[in-house]
Structures are given as C-alpha cells and as structure tokens.
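Let's take a walk through this protein together.

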Amino acid sequence: MYNPKSMEAEEFISHEEILETLEYAEKNKNNAYVIDEILAKAKLKKGLSHREASVLLACEIPEKNNEIFALAEQIKKDFYGNRIVLFAPLYLSNYCVNGCVYCPYHFKNKHIPRRKLSQEEIRNEVIALQDMGHKRLAIETGEDPVNNPIEYVLESIKTIYGVKHKNGAIRRVNVNIAATTVENYKKLHDAGIGTYILFQETYHKESYEKLHPTGPKHNYKWHTEAMDRAMQGGIDDVGLGVLYGLESYRYEFAGLLMHAEHLEAVHGVGPHTISVPRIKKADDIDPEAFDNGIDDDTFAKIVACIRIAVPYTGMIISTRESEECRKQILRLGISQISGGSKTSVGGYFNPMPEDENSAQFDVSDRRPLDDVIKWLMEMGYVPSFCTACYRSGRTGDRFMEICKQQQIHNFCQPNAIMTLKEYLEDYASTETRKIGVELIKKEVEKLDDNNIKLTVKDNLGKIEDGLRDFVF
Ligand code: SAM
C-alpha cells in the first residue's frame, strides 16, 4: 500500500505506514543501540527516513536527546551558517468559502470584517513594507473563486513586483494560496513566484475531513496532491508545513517526512522549505479547543528532528511564536523568519485599530523589523534579505545539489552580507546600523575565498555610493 512513488495521496501518505512507524518509534524510544545507529547515519548529514527520524523524535534517553540537539545545531551551522533570511506575509484578501474549524476566515464567521485589497491598496502596503526594508514577501489569501480568482492573485503579483519606491524593491514573492490546478500553477510560475507554500494542516485523512467540513478544501486528495500539480506546472520550489495542534504531532511528523520523500522520489527534488506553525488564538478560534497542542520543549524537538531528517530543506518560523521561543528554536535549524508582520488585510499602510479584527491569528512577536534585525545581530546571526538564488536560476534540484554539497555558503554568505548592508544604508536605526557595520566587518574577513572577499568589499563600497542589488 505504501508507495512513495505513487501519485495517489493515500499511497504516498499511507495511514498504515504511519501507524507502523509510530509503533516502531515507540518500541525503540529507549533502545540505545537502535538510536546510536540512527545517529551515526544522521551524522553523515544526508538525512533520515521518516521511520528513523520518528525514533529520534520519540527518544526518551536524555544523553541521546542532547546528542540530537547538538547534531541539529551542527547541521544548521554546516548548511546555513549564521544567516537568517527575513520575510513578511502580505494578506491580500480574507474572503474564504472554506469551513476550516481552526481558521477565523471560515465562511461561517460573520463578525470578522471581510476585506480584499485593491491594486492601489496593494501598492501602498508594498511601499510600507519596502520602507521597513523587506525584499521578500509571502502573499496570503483565503480561498474564494469569486473574490480571489487566480487573475486577482496574478495581477497582485505584477503590482508587487512593479513597485519601486526609493531604493526599495520586492525581489521575491512567495505564494500561499489554496490548492489549485496545474494550469493555474503554470500561471503562477510564469508570473515569477518564488516558493509555492501550502500547509497540509494535517496528514491524518479522517481528522482532515472533520477539520475541513465544507468547501473545496474538504477534499483531502486534492489538497495533498497539490504539490505534485505545482511541480507539474513548473514550480520547483514548494514549501510544506502542518499546523501543529490539530492532530498528534508524531503522526504529523511522519506524514510530513513521507511527503518530502514522495516529492524527492517523483520529482527528484524535496521541499524547498518546511514551516512549523502552531495553532494560535484568533477571532472565533480558541486554541484550547484543540486537544493536540504541543509545549515549547516538544516544539524544539520537532524542529531539531526535522533539521536532521532533511538537512537541505530550509525551515521557517513565523511571528506566531514569541521572541523567547524564536530565540530557542533559531539555533536548532531555522533558516527563515518573518519580522514586523501583520496578519490582517491592509495591516501595514495606515492600519486602523479595527484592522486587527481581520487578522488571521494573533502575532506573538510584535517587534518592528528593525528590532528583530538588531536582536538577530546581537545573537551573532547575519540577517539576510537575499533573494539571489531563484533570480539566478538556482531553484529546485539545482539549488538542492548546491545545498547538499554544503556549497550554498559561497553564494549565500556574500549575498547576505551585501543585502544586510543595503538594509543598514537605507532603513536601519542608528543603533542597528552601528552594530551591523561592525558585524559586516567581521563577517567579510571570515569569507574564505579571496576573490569573493575582494568583490564583496568592492560591492560594499558601491552600496555606500548608492548602487544596489549585487548578487553572487
Ligand atoms: N487559504 C490558503 C489555504 O487554504 O491553504 C492559505 C492561506 S492561510 C491564510 C495560511 C495558513 O495559516 C493556513 O494554511 C493555516 O495553517 C494557518 N492558520 C489558519 N488558522 C490559524 C490559526 N488559528 N493559528 C495559526 N495558524 C493558522
């Protein structure tokens, strides 16, 4: 029944295989011999199967758990260095025809203010985001074929890429919209999107159907096979995620890794990113009503085990999580975070107090982007606004190849330094700028290729002279 190469959702995410995996993990959670064997394989940094990783997730031996966390940190350093890429979500419309029970956009919610941005309003949102320093957005909409048809999304992407305000530019638009057709994915690809993101929410079919009782999203097969259609449509960077809290986290973890294995088996490339959202309070939504909430320690373990299982997949954490939680999790494997986010429609430009009511969920980390940048640098991270890979054609399997060989440093570190420099020149507060200038000095000296170092130094000077957008 379980077949990673199958194109049938229920075969590549096999319920029976997940149950057997969980049983195997439970049986071996205190088996030091098996865990050591898995850790030895993990140390090769080529990833683990869903079964192996599930044993690590279940592991109850304290010393082995310390090893798991240490290895996750090491892999994060080896593959992603000290860079953290920044992005912001942009909510275009909260009209939605689905009945998702955890989401305030569900169509039965009559008191949430519904709003859809006009192209003029999108322009204003983008200017506000550019003025913060953002270069990378993830656009979000509810599912509503009448209010948010694909034409609206495509027009919005064109508008976003078209806004050039002062030195600002949005250089990569990632898209988080409902599962759609191959034809529509082709259109998104042609519009020049970065990653197509779609959270599975839960891999447990029976729960999925209960949690999505009405609307097109009710169709588990359509939703679960969406990434295959996206790839058939030419999008080779796709982003997975489950909404933790809906189902048992161990079930979701195994399902998520099986999905990654399926994409690799069929398309030759795994997911570009994995997001780790946890369910939050929102209008009409009480997270306590869901039985499967996870505490911060379990959350950290999940992040560490994902890092070990798929070392070459970026991992994203949003402002759903608090500053403290983000601090703990960053070092375990996160490569991208959002900052200065608003989850309401029209939340960036001239936000009204009532706009908060249209938010998709409560944001825990409410700091302005500049505070987040400063905070990252004080912890020794290099905040990066880089969007070079996809603009230089390093997507899908080409990106994965470079990443698997731990070669992305040669591109990413210089690009991170140069985009940070742009941020410092154009948007940073005096204090952030001061810290950043010192950090850049140190980071440039650490670059080990002399030619790259010289070019970066040269480009940093040009950025001071007003030039922008240098890429490796
Ligand atoms: N409408 C699109 C879809 O159906 O996939 C995606 C956009 S939705 C705006 C983005 C994601 O927010 C959802 O996939 C879901 O995982 C997450 N979300 C919904 N309600 C949430 C809540 N109460 N707390 C945290 N995240 C939530």
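Predicted model: local features only at pLDDT ≥ 70, side-chain atom pairs only at ≥ 80, totals over all residues.

Now zoom out to the whole chain. The protein chain is split into three stretches: domain 1 covers 9-76, domain 2 covers 80-366 and domain 3 covers 390-464. If you take the centres of domain 1 and domain 3 over their C-alpha atoms, they sit 34 Å apart. Count up the secondary structure and you reach 20 helices and nine strands.

How many Å does the C-alpha trace span along its principal axes? About 60 × 55 × 40 Å. The radius of gyration of the protein chain is 21 Å, which agrees with a compact globule, because a globule of 472 residues would have a value near 23 Å.

Finally, pick out a pair of helices. Two packed helices are described by the angle between their axes and by how far apart those axes are. Helix α2 (residues 15-28) packs with helix α12 (residues 249-267) at an angle of about 115 degrees, and the axes are 10 Å apart. Their crossing is right-handed. Which residues of α2 and α12 meet? From α2 come Ile18, Thr21, Leu22 and Ala25, and from α12 come Arg250, Tyr251, Ala254 and Gly255. By class, this contact has five nonpolar residues, two polar ones and one charged one.

Conventions
Residues numbered from 1 in each chain as written. Axes fitted to C-alpha atoms, helices over the stretch in contact; angles between N-to-C directions. Helix = DSSP H or I, 4+ residues; strand = E, 2+ residues; numbered from the N terminus. Left-handed = near helix turned anticlockwise from the far one by under 90°. Contact = placed C-beta atoms within 7 Å. Nonpolar A, V, L, I, M, F, W, Y, C, P; charged D, E, K, R; others polar. Domains from an automatic or database assignment. Rg over C-alpha atoms; globule rule 2.2 N^0.38 Å.
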